[in-house]
Amino acid sequence: MKILLISIFIFTLVFLPSSKLDGQESHPFLVSKDLEYYADGKTLLYDRYYDTSQVVQPLVVILHGGAFQKVFGEKEYMQLIATDIAEAGYQVFNINYLQDD
């Protein structure tokens, strides 16, 4: 799990420079919140961030940290990163996942 979080952090720093720093215009995007998907018979939620100016977009799926514990297992912890990635022109799925008690 640590490797995944570190990879997401490095991806964000290296490949998605802030549009304010490099002079690039940010892409307009929409957010569809609390879309449903199902796993093991349970309803789970995800947010979809997508660029409105492109037809085909690469997809980034955010699997946030939290060690599968209810205390930290919510997609809201990754909203800022999802927004940055969407502004860079990517489609983003920021998901909740099944958690252990």
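What follows is a short chat about strands and aromatic rings in a predicted model.

Visitor: Which residues of strand 3 are on the covered face, and which on the uncovered one?
Guide: In strand 3, residues 59-62, V60 and I62 make up the covered face. L59 and V61 are on the uncovered face.

Visitor: Why two faces?
Guide: In a regular strand, side chains alternate between the two faces of the sheet.

Visitor: Strand 3 and strand 4, what sense do they pair in?
Guide: Parallel, over four bridges. Strand 4 covers residues 91-95.

Visitor: What stands opposite I62 there?
Guide: N94 of strand 4.

Visitor: Switching to rings. How many aromatic pairs are in the whole structure?
Guide: A search of the whole structure gives three. One of them is Y46 with F93.

Visitor: Why is the pair of Y46 and F93 called tilted?
Guide: Their planes are at 45 degrees, so the pair falls in the tilted class. The ring centres are 5.1 Å apart.

Visitor: Where in the chain are those two?
Guide: Y46 belongs to strand 2, residues 42-51, and F93 to strand 4. The two are 47 residues apart, and the pair links distant parts of the chain.

Visitor: Y46, buried or exposed?
Guide: Buried, because its relative accessible area is 16% and the cut-off is under 20%.

Visitor: And what about F93?
Guide: F93 has a relative accessible area of 23%, so F93 counts as partly exposed.

Visitor: Which residues do ring pairs link into a cluster?
Guide: Y37, Y46 and F93.

Visitor: Last one. What lies over the face of Y50?
Guide: R48 does, at 4.0 Å from the ring centre.

Methods:
Residues are numbered from 1 along each chain as its sequence is written. This is a predicted model: local features need pLDDT of at least 70, side-chain atom pairs count only at pLDDT 80 or more; totals for chains, interfaces and linings use all residues. Side-chain values use heavy atoms; hydrogens and water are left out. Buried means under 20% relative accessible area, exposed over 50%, partly exposed in between (1.4 Å probe, protein chains only). Two strands pair if DSSP finds at least two bridges between them. Rings of Phe, Tyr and Trp (its six-membered ring) pair if their centres lie within 6.5 Å; planes under 30 degrees apart count as stacked, over 60 as edge-to-face and the rest as tilted. A charge sits over a ring if NZ of Lys or CZ of Arg is within 6 Å of the ring centre and within 35 degrees of the ring normal.
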